[in-house]
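Colleague: I am new to this model. Can we go through it in short questions and answers?

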Amino acid sequence: MENDAPDNRKKHYAFQRSIKDYGMGVIIFGFGVFMLAAPKLGYDFGVDDLYRYMFSGIWLLYGGWRIYRGYKKNYFR
(Lines give C-alpha, C1' and ligand atoms only; values in the text may rest on other atoms or scores of the structure.)
Protein backbone atom coordinates (compact mmCIF):
# COMPACT_ATOMS: atom_id res chain seq x y z
CA MET A 1 0.00 0.00 0.00
CA GLU A 2 2.83 2.40 0.81
CA ASN A 3 4.50 1.69 -2.54
CA ASP A 4 1.38 2.73 -4.46
CA ALA A 5 1.42 6.34 -3.21
CA PRO A 6 4.65 7.46 -4.97
CA ASP A 7 3.61 5.71 -8.19
CA ASN A 8 0.20 7.37 -8.07
CA ARG A 9 1.88 10.73 -7.46
CA LYS A 10 4.12 10.22 -10.50
CA LYS A 11 1.13 9.34 -12.68
CA HIS A 12 -0.74 12.42 -11.52
CA TYR A 13 2.31 14.63 -12.17
CA ALA A 14 2.83 13.12 -15.63
CA PHE A 15 -0.85 13.67 -16.46
CA GLN A 16 -0.75 17.32 -15.35
CA ARG A 17 2.46 17.98 -17.21
CA SER A 18 1.20 16.34 -20.42
CA ILE A 19 -1.96 18.49 -20.31
CA LYS A 20 0.24 21.58 -19.90
CA ASP A 21 2.45 20.47 -22.80
CA TYR A 22 -0.58 19.86 -25.03
CA GLY A 23 -2.07 23.26 -24.17
CA MET A 24 1.11 25.25 -24.59
CA GLY A 25 1.96 23.34 -27.75
CA VAL A 26 -1.37 24.18 -29.34
CA ILE A 27 -1.06 27.86 -28.36
CA ILE A 28 2.51 28.17 -29.67
CA PHE A 29 1.65 26.22 -32.84
CA GLY A 30 -1.34 28.53 -33.31
CA PHE A 31 0.92 31.59 -33.14
CA GLY A 32 3.04 30.06 -35.89
CA VAL A 33 0.01 29.46 -38.10
CA PHE A 34 -1.26 32.96 -37.38
CA MET A 35 2.06 34.51 -38.40
CA LEU A 36 1.98 32.60 -41.67
CA ALA A 37 -1.61 33.62 -42.44
CA ALA A 38 -1.40 37.19 -41.07
CA PRO A 39 -1.18 39.02 -44.43
CA LYS A 40 -4.21 37.13 -45.74
CA LEU A 41 -6.11 38.06 -42.57
CA GLY A 42 -5.24 41.74 -43.00
CA TYR A 43 -2.53 42.08 -40.32
CA ASP A 44 0.70 43.86 -41.14
CA PHE A 45 3.50 43.61 -38.61
CA GLY A 46 6.00 45.71 -40.56
CA VAL A 47 8.45 42.80 -40.64
CA ASP A 48 10.17 41.44 -43.71
CA ASP A 49 8.67 38.22 -45.05
CA LEU A 50 11.89 36.27 -44.46
CA TYR A 51 11.85 37.07 -40.73
CA ARG A 52 8.14 36.36 -40.50
CA TYR A 53 8.69 32.94 -42.07
CA MET A 54 11.64 32.23 -39.79
CA PHE A 55 9.75 33.15 -36.63
CA SER A 56 6.66 31.22 -37.66
CA GLY A 57 8.82 28.19 -38.52
CA ILE A 58 10.45 28.31 -35.09
CA TRP A 59 7.05 28.58 -33.40
CA LEU A 60 5.67 25.70 -35.47
CA LEU A 61 8.64 23.50 -34.61
CA TYR A 62 8.57 24.31 -30.91
CA GLY A 63 4.79 23.93 -30.70
CA GLY A 64 5.07 20.57 -32.43
CA TRP A 65 7.81 19.54 -29.99
CA ARG A 66 5.65 20.45 -27.00
CA ILE A 67 2.72 18.43 -28.39
CA TYR A 68 5.03 15.47 -29.06
CA ARG A 69 6.51 15.70 -25.55
CA GLY A 70 2.99 15.68 -24.07
CA TYR A 71 2.16 12.62 -26.16
CA LYS A 72 5.28 10.67 -25.12
CA LYS A 73 4.99 11.51 -21.39
CA ASN A 74 8.64 10.61 -20.84
CA TYR A 75 9.19 12.82 -17.81
CA PHE A 76 10.96 10.29 -15.57
CA ARG A 77 14.04 8.83 -17.18
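**Salt bridges and burial**

Modeller: Aspartate 21 and arginine 66 are both buried. Keep in mind that this is a predicted model.

Colleague: Is aspartate 21 buried or exposed, and at what relative accessibility?

Modeller: Buried means under 20% relative accessible area. Aspartate 21 falls under that cut-off, so it counts as buried. Its relative accessibility is 0%.

Colleague: Which residues are linked with Asp21 in a network of salt bridges?

Modeller: The side chains of aspartate 21 and arginine 69 meet in a salt bridge of 3.2 Å, N to O. Aspartate 21 is in helix H1 and arginine 69 in helix H2, so this pair ties together parts 48 residues apart in sequence. Arginine 69 is partly exposed, at 26% relative accessible area. The network links Asp21 with Arg66 and Arg69.

Colleague: How many residues apart in helix H2 are aspartate 49 and arginine 52?

Modeller: Their side chains meet in a salt bridge, 3.2 Å from N to O. Aspartate 49 is partly exposed at 41% relative accessibility, whereas arginine 52 is buried at 6%. About one helical turn separates them, because they are apart by 3 residues.

Colleague: What distance separates the end C-alpha atoms of helix H2?

Modeller: Helix H2 covers residues 49-72, which makes 24 residues. At 1.5 Å a residue, it should span 34 Å. The model agrees, with the end C-alpha atoms apart by 34 Å.

Colleague: Which residues is isoleucine 28 in contact with, leaving aside its neighbours within four places in sequence?

Modeller: Isoleucine 28 is found in helix H1, residues 4-41. Isoleucine 28 is buried, with a relative accessible area of 14%. Its C-alpha atom is separated by 9.2 Å from that of leucine 61, 33 residues apart along the chain. Its contacts, sequence neighbours aside, are Trp59, Tyr62 and Gly63.

**Aromatic pairs**

Colleague: How many aromatic pairs does a search of the whole structure find?

Modeller: The search covers the whole structure. The number of aromatic pairs found is 4.

Colleague: Are the rings of phenylalanine 31 and tryptophan 59 stacked, tilted or edge-to-face?

Modeller: The ring centres are 6.1 Å apart, and the planes lie at 50 degrees. Stacked needs under 30 degrees and edge-to-face over 60. The angle is between those limits, so the pair is tilted.

Colleague: Which helices hold phenylalanine 31 and tryptophan 59?

Modeller: Phenylalanine 31 is partly exposed at 47% relative accessible area, and tryptophan 59 is partly exposed at 32%. The pair ties together parts 28 residues apart in sequence, because phenylalanine 31 lies in helix H1 and tryptophan 59 in helix H2.

Colleague: What angle lies between the planes of phenylalanine 34 and phenylalanine 45?

Modeller: Phenylalanine 34 is in helix H1 and phenylalanine 45 in the loop between H1 and H2. Their rings are 6.1 Å apart, centre to centre. The pair is edge-to-face, and the angle between the planes is 80 degrees.

How values were computed
Residues numbered from 1 in each chain as written. Predicted model: local features only at pLDDT ≥ 70, side-chain atom pairs only at ≥ 80, totals over all residues. Heavy atoms only, no water. Helix = DSSP H or I, 4+ residues; strand = E, 2+ residues; numbered from the N terminus. Buried < 20%, exposed > 50% of the residue type's maximum accessible area, 1.4 Å probe, protein only. Contact = heavy atoms within 4.5 Å. Expected span 1.5 Å × (residues − 1). Phe/Tyr/Trp six-rings, centres within 6.5 Å; stacked < 30°, edge-to-face > 60°. Salt bridge = Lys/Arg side-chain N within 4 Å of Asp/Glu carboxyl O.
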